Amino acid sequence: MGIQFGIILVVFAITMFVALYSTFAERKVAAYMQDRPGPNRAGYGGILQPLADGLKMFTKEDFIPDTKNKFLFILGPGLFIVTALMTSAVIPWGQTMHFFDRAVVLQATDIDVALLFIFGMVSFGVYGIMIGGWASDNKFSLLGAVRASSQMISYEVAMGLSIIAVIMLTGTLSLRNIAEQQHGFMDWSWTVFGHKFAYPSWIVFKQPLAFIIFLICAFAETNRTPFDLPECEAELVGGYHTEYSSMKLGFYLFAEYINMFISSTVIAVIFFGGYNYPGMDWVNHTFTSAMGNIGANLAVLVGVGVLFAKIVFFIFFYMWVRWTVPRFRYDQLMNLGWKILIPLSILNIVLTGGAILLTK
Amino acid sequence: MATDIQKVSLSGRKRDVSNKDMSFMERLYLPAIAKGMGITLRHFFKPKVTIQYPAQKREFSPVFRGRHILMRDEKGAERCTACGLCALACPAEAITMTAAERVKGEENLYREEKYASVYEINMLRCIFCGLCEEACPKEAIFLTEDMVSSDYRRDGFIYGKDKLVMPLEDKAH
């Protein structure tokens, strides 16, 4: 129990740190893609900028509008950030480490319905937006909240359907199990029609269509451009957080970056092999034979590092897309969700089912 | 003939617009998005064009026209004789002056018998065209490389002799 508690604390701290520096990275990436140097005054190369931003958020006037639902107004951002943080509980960060005679699994909790849990938490996140937007007593906030909830509900369908193809392939809902099935990089015993041949074991190579659908839906779920209609500045002032100020606004913005981090992690774990990397068995073998138990633990840590490299890439990818693709119109968004992504993901399920049936 | 006129492109950049349906690859959008992301990634690694102002300053062009200066001659006497040609030449009517006669004992202050006791340029009116500089027969007024600094009040932009006359220390360029 104590170790699980420790892992939760560490994961919490890492999530906070990554989200903190995502805000900085976002500004830097935006600047670099627009041929600007970006924030570079606070600390070396602007490295202390997130702290300055946080300090600013804390010291701003905390304005509460004259609304009938003060409690809900305060509850909104809290709920949003709590749901964003809870998702990280089921992520497998690495393999098992061994300290003396204790085995430490690098995961807060390994439940066998981890994928369902993530989907539940992500859809719970819409309550934070909805409650905040409703309690603001402001038409822009309400419109933003309505947009957010309808968008999230629409894209969750396609997201869930695209994941079903993956579940059919792996036969499990546990993220640890899915990660283990993508061990290494090459799957030497991939059997098709009784013949064994090598094929990449990462699910993205087996389910490319599911990956693309999942990626697009993840953008919509995290309210990132090109699907950031809930906070569409040009039409809705600030969207659902128009009336928020100070750290309540900070919570909304921060939770968005946490969501980005978590969805990057989920994409990395489900589709890109999580902590697995090419040649991990060789690394594990060399480290273990050189340093014994410590070497084995080091090899596990290398895997954690690889997972974080993948996560950082996907966070960068989120920002890269944000500063490339313009925002969708709302009817285009709904068309894409209902008329294209959902039929495509159903088609993907049928194809996957057929392929499984043929190769059995 | 009307169609021929429509085909004329003076800039040479006119494109025919068509409403033909997009092909399947175009309707996928993903190739186009990938192309756009290639462009943004290229910009990511490009050198940054920002000049970080207080630390770095952009070099002015040699013909830059900034705020004015009223020159002194090599002995430190003001060159301006208040002839008013600069005020006449000024298209923005930014220059006003009052002439005065030099009295005995002021020969080291003013070069000629007549001088400007008041000489004001309204920097909010001035368009920095440099015509005053061209009109001056005495080489008394020049536009320098300095900027007009900002101010909180409008009357702060009316520069009198206290701001315009060249400081005594660096007389005669």
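User: Which helix of chain A has the lowest confidence, and which has the highest?

Analyst: This is a predicted model, in which local features need pLDDT of at least 70 and side-chain atom pairs count only at pLDDT 80 or more, while totals for chains, interfaces and linings use all residues. Residues are numbered from 1 along each chain as its sequence is written, and chains are lettered from A and ligands numbered from 1 in the order in which they are written. Confidence is given as pLDDT, the predictor's confidence in each residue, from 0 to 100. In chain A, confidence is lowest in helix α9 (residues 233-236), at a mean of 70, and highest in α8(A), at 89. Helices here are DSSP runs (H or I, at least four residues), numbered from the N terminus.

User: What are the mean pLDDT values of chain A and of chain B?

Analyst: Chain A has a mean pLDDT of 85, with 98% of its residues at 70 or more. Chain B averages 86, and 94% of the residues score at least 70. Within chain B, helix α1 (residues 2-7) has the lowest confidence, at a mean of 64, and helix α4 (residues 85-89) the highest, at 93. Where pLDDT is low, the predicted coordinates should not be read in detail. For the model, ipTM is 0.78 and pTM is 0.80.

User: Why is α5(A) called roughly antiparallel to α8(A)?

Analyst: The axes of α5(A) (residues 139-170) and α8(A) (residues 208-221) come within 9 Å and cross at roughly 155 degrees. Axes are lines fitted to C-alpha atoms, for helices over the stretch in contact, and angles run from 0 to 180 degrees between N-to-C directions. Angles under 35 degrees count as roughly parallel, over 145 as roughly antiparallel, 65 to 115 as roughly perpendicular and the rest as oblique. The angle therefore makes α5(A) roughly antiparallel to α8(A). The crossing is left-handed, a term for a near helix turned anticlockwise from the far one by less than a right angle, with right-handed used if clockwise.

User: What makes up the contact of α5(A) with α8(A)?

Analyst: Its residues divide into 12 nonpolar, two polar and two charged. Ala, Val, Leu, Ile, Met, Phe, Trp, Tyr, Cys and Pro count as nonpolar, Asp, Glu, Lys and Arg as charged, and the others, Gly among them, as polar. Two residues are in contact if their C-beta atoms, placed from the backbone, lie within 7 Å.

User: How do you know that α5(A) is close to its expected span?

Analyst: Helix α5(A) has 32 residues and reaches 45 Å from its first C-alpha to its last, close to the 46 Å expected. The expected span is 1.5 Å times one less than the number of residues. Just after α5(A), G171(A) takes a positive phi of about 70 degrees.

User: Why is α11(A) called roughly antiparallel to α12(A)?

Analyst: Helices α11(A) (residues 280-291) and α12(A) (residues 293-322) pack at an angle of about 150 degrees, with their axes 6 Å apart. That angle makes α11(A) roughly antiparallel to α12(A). Their crossing is right-handed. The residues of this contact comprise 10 nonpolar, four polar and no charged.

User: How many residues of each chain meet where chain B touches chain A?

Analyst: On chain B, 11 residues are in contact with 10 residues of chain A. The chain B side has five nonpolar, four polar and two charged residues.

Terms used:
Helix = DSSP H or I, 4+ residues; strand = E, 2+ residues; numbered from the N terminus.
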